[in-house]
Structures are given as C-alpha cells and as structure tokens.
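Subject: Structure for your review

Dear colleague,

Please find below the structure I promised to pass on, with the sequence alongside.

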Amino acid sequence: MNDPCRHERWQYCRRKFSNGTLHFGVQCLDCLNVIKLEKHSQKLWLKPEAIPVHAPIHAWIDPDSSSDQRGLFDE
C-alpha cells in the first residue's frame, strides 16, 4: 500500500487545455497532481491575480507523459 503524498514540494503552474483555455494552479513536484492549498482557500484552479506577483509560474508537468519531465519546464 502506498503512503499518500504529503505535497511538501510544489510550484505554481499553468496548463493549457485542448480547447485553448489556460488555467493556473499549484502542482505537487512529487506526485505531479494539481493540489489545493489552504492559502488559496482550497481552490484547485486559481485566478492569475491570486498568485504572488514575484512567484515563478512553470509549465504544467503531465504525469501521464511517457518520459519523466520533473524539473524540466517549457519557459
């Protein structure tokens, strides 16, 4: 049985969906899930103005990608 991820390492991310919409959120760097944080009222997707001004926003890492993309961003 796997222990659940504690989401200790995370980053702000942006994800472009197939319909062209752009969403912003917080992605765990261990399990690669988009997560909810208390500091953002447990919201999964965030408005751009909810992200701190100087916080870097990285490209979303697809957990279903055939290769391990952790740490590689399309900036």
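Two strands are taken to pair if DSSP finds at least two bridges between them, and strands themselves are DSSP runs (E, at least two residues), numbered from the N terminus, while helices are runs of H or I with at least four residues. Please keep in mind that this is a predicted model, in which local features need pLDDT of at least 70 and side-chain atom pairs count only at pLDDT 80 or more, whereas totals for chains, interfaces and linings use all residues. Residues are numbered from 1 along each chain as its sequence is written, and side-chain values use heavy atoms, with hydrogens and water left out.

The chain has zero helices and five strands, which gives the pattern β-β-β-β-β along the sequence. Strand 2 takes part in several pairings: two bridges join strand 2 to strand 4 in an antiparallel arrangement, with Gly25 opposite Trp45 in strand 4. Strand 2 also runs antiparallel to strand 1, to which seven bridges join it, and within that pairing Trp10 has Cys28 as its bridge partner. The hairpin of strand 1 and strand 2 has five residues between the strands, and Gly20 there takes a positive phi near 95°. Strand 3 (residues 34-35) is likewise antiparallel to strand 2, through two bridges, and Val26 stands opposite Ile35. These two strands form a hairpin with five residues between them, where Leu32 in the turn has a positive phi of about 70°.

As for burial, I use buried for under 20% relative accessible area, exposed for over 50% and partly exposed for anything in between (1.4 Å probe, protein chains only). Buried residues make up 25% of the 75 residues in the chain, and because five of its seven residues are buried, strand 2 is largely enclosed by the rest of the structure. Leaving aside its neighbours within four places in sequence, Phe24 is in contact (heavy atoms within 4.5 Å) with residues including Cys13, Leu46, Pro48 and Ile57.

The structure also holds two aromatic pairs; rings of Phe, Tyr and Trp (its six-membered ring) pair if their centres lie within 6.5 Å, and planes under 30 degrees apart count as stacked, over 60 as edge-to-face and the rest as tilted. Trp10 and Tyr12 form an edge-to-face pair, 5.4 Å centre to centre with 85° between the planes; Trp10 is partly exposed at 30% relative accessibility, whereas Tyr12 is buried at 5%. Phe17 and Trp45 are also edge-to-face, 5.8 Å centre to centre with 80° between the planes. Phe17 lies in the loop between strand 1 (10-16) and strand 2 (22-28) and Trp45 in strand 4 (residues 45-46), so this pair ties together parts that are 28 residues apart in sequence. Phe17 is partly exposed at 26% relative accessibility, and Trp45 is partly exposed at 27%.

Finally, Glu8, in the segment before strand 1, is exposed, with a relative accessible area of 57%.

With best wishes
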